Amino acid sequence: MRALCAAALLAACASGQDTCPDAPASPQDRRADPTAVRFCTYNVEFLFDGRDDPIQKRTEAEAAAHFKAVAQALDEVNADVYVLQEVEDCTALSRVRADMKNGQEYAGYIVEGTDSATGQDVALLTKIDPTVTLTRSRGRGSWPLPSGQGKCTAPSGSGSQSVSKHFATRIPFAAGVDVAVVGVHLMAYPTEKTRCAKREAQATVLSSSVIPDVMAVGGGTEHAVVAGDFNDYSAALEDAGGNVPASNTLPIIKNAVSPSFSEAAARIPKGERVTHGYGRYAAMIDHVLVSPKLAAHITAVEIRGDIGAADHFPVVVTFEFPAQSPPTPAPPTASPATPAPLTASPATPAPLTASPATPAPLTASPATPAPVTATPATTGAPGVPDSTGVPTTHVPSATSPVTALPAASTLAPAPATDEPTTGTPGVPDSTEGPTTPLPQAGAPTRSPDTNTVTGLSSVPRQAGAGTPTPAPEELEVGASGAAGG
């Protein structure tokens with residue numbers, strides 16, 4: 001498949017790399033509407049080239065038809081951000097983009113996993129470039145979990161398990177909304193006891209390190225989405241098949257943050273909660289978990305059961321972030337006018353036109369005055385005030401003429417003042433193992449000419465998707481042949 005690499009579509013493919021995790025130096029946003037994000041998780045069922053694949057699902061011709069069917073499905077969904085499971089490598093991303101109508105609007109990223117049994121990886125296909133290079137944890141969780149933490153019963157043996165297929169990065173959904181995005185593909189077979197216990201161990205790795213670590217990058221963020229093929233049922237939401245989880249996988253992951261993640265599928269009715277299988281095999285094993293404040297921006301959730309390009313259905317969640325108007329500038333604050341200095345002229349008092357007092361006429365008493373001696377009065381020296389403050393006057397002698405005291409002729413003017421005025425129902429898919437539900441007694445069969453399920457309401461699979469065939473169970477065999485991941 002390396003010969004099909006198109007460097008113009010995905011630079012990392014030029015050297016035939018299986019991994020292309022690096023965030024661009026200058027991230028771009030190629031959305032038509034920057035106020036909304038259509039987010040989709042989709043298991044695309046062995047998107048491989050059909051040449052020397054670890055599990056030979058299709059011939060090269062069948063693989064080519066499958067690429068075109070998946071590209072058509074992606075065009076139909078028209079998401080801004082895809083988390084895709086079961087992708088071979090970076091070249092596969094280039095090829096499916098080339099088959100899409102608007103593939104040039106997307107960039108593809110993969111951090112290579114360690115599933116040596118299937119060779120599958122989890123990929124990011126997005127119109128909004130990540131700002132953090134994709135990473136994958138090599139951490140391992142012990143299984144079985146202690147009583148009270150795990151739910152899986154009587155597994156065979158014990159050990160540790162890694163999350164062989166996942167990535168973690170950061171994508172800005174809107175201005176000020178930096179989202180930690182974790183794509184996952186967990187161990188298959190929801191009810192098989194040992195795999196159940198291993199899947200719980202994978203959940204502890206995600207919850208204790210992968211999710212909090214990517215949320216803490218840089219200045220940290222409170223927004224996160226964990227999405228993908230969990231290969232397990234929800235304990236909180238009953239699906240269309242009535243399946244009950246055998247493990248605590250989802251609760252462990254949801255409790256990675258506080259308050260805990262919410263399940264996007266809570267916004268759709270039970271009868272539509274089917275992401276894999278048909279009829280009695282219907283199950284919801286693909287999930288989108290959203291942190292509390294980000295969940296407030298969800299405006300729509302849908303499971304596209306009408307799209308049959310693979311053995312899973314796309315789960316699409318729409319987030320909306322209303323454009324914020326720039327703040328209205330406050331009107332300019334005028335400096336208070338400096339009042340002109342008060343230069344009040346002193347008030348000119350109105351002229352006092354006091355009429356001179358007319359002295360009362362002196363009428364001589366007819367009585368004959370007693371004789372006055374010529375001795376001067378002893379009441380004080382002439383012109384010196386006495387104790388009353390009134391200047392004393394010389395008392396005339398008996399022979400002096402009597403004169404009237406002059407009246408006050410002026411008043412002193414008053415001084416002027418200036419006073420201011422914020423059993424196992426459901427059959428798992430083929431992640432790390434077979435993808436086709438195991439036939440049951442009395443189970444519906446597919447008609448070879450229509451490629452649809454008969455005997456129940458079903459969605460026809462598109463031509464070219466290929467009829468899945470059982471694959472060996474994933475052992476994640478390393479170079480030494482020992483199990484591990």
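Student: Which residue in S2 is the bridge partner of Phe39?
Tutor: Val81 in S2 partners Phe39. Strands (E, at least two residues) and helices (H or I, at least four) are DSSP runs, numbered from the N terminus.

Student: What should I know about the model itself?
Tutor: It is a predicted model: local features need pLDDT of at least 70, side-chain atom pairs count only at pLDDT 80 or more, and totals for chains, interfaces and linings use all residues. Residues are numbered from 1 along each chain as its sequence is written, and side-chain values use heavy atoms, with hydrogens and water left out.

Student: Back to S2. In which sense do S1 and S2 pair?
Tutor: Parallel, over six bridges, with S1 spanning residues 36-47. Pairing takes at least two DSSP bridges between two strands.

Student: What is the strand order of the six-stranded sheet?
Tutor: S3-S4-S2-S1-S13-S12, in an open sheet with mixed pairing. S3 (107-110) and S12 (298-303) are the edge strands, and each pairs on one side only. From one strand to the next, the twist averages 20°. Angles run from 0 to 180 degrees between N-to-C directions, using axes fitted to C-alpha atoms, for helices over the stretch in contact.

Student: Which strands does H1 lie across?
Tutor: S1, S2, S4 (121-126) and S13 (315-320). H1 covers residues 60-77 and runs at about 165° to S1. H2 (residues 90-99) lies across S1, S2, S3 and S4, at about 160° to S3. Contact means heavy atoms within 4.5 Å.

Student: New topic. What is the order in the sheet of five strands?
Tutor: S7-S8-S9-S11-S10, open, with mixed pairing. S7 (166-174) and S10 (262-263) stand at the edges with a single partner strand each, so one side of each has no neighbour in the sheet.

Student: How many bridges join S7 to S8?
Tutor: Eight, and the two strands run antiparallel. S8 covers residues 177-185. Pro172 stands opposite Asp178 in S8.

Student: Which helix packs on that sheet?
Tutor: H3, residues 193-215. H3 touches S7, S8 and S9 (223-229), and its direction makes about 145° with that of S8.

Student: Where is the kink in H3 centred?
Tutor: On Leu206, with a kink of about 40°. That bend is the angle between axes fitted to the seven residues ending there and the seven starting there.

Student: What caps the N-terminal end of H3?
Tutor: Glu192 does, with a side-chain oxygen 3.3 Å from the backbone nitrogen of Thr194.

Student: Where are the cis peptide bonds?
Tutor: One joins Trp143 and Pro144, with omega about -5°. Pro144 lies in the loop between S5 (140-143) and S6 (159-162). Another runs from Ser258 to Pro259, with omega near -5°. Pro259 is in the loop between H4 (249-254) and S10.

Student: Where is confidence lowest, and where is it highest?
Tutor: Lowest in S15 (residues 452-453), at a mean of 34, and highest in S2 (residues 81-87), at 99. The score is pLDDT, the predictor's confidence in each residue, from 0 to 100. Over residues 342-485 the pLDDT is below 50, yet beyond near neighbours in sequence this stretch has 202 contacts in the model. Where pLDDT is low, the predicted coordinates should not be read in detail.

Technical notes
Polar contact = N/O pair within 3.5 Å; in protein donor to acceptor, adjacent residues only side chain to side chain.
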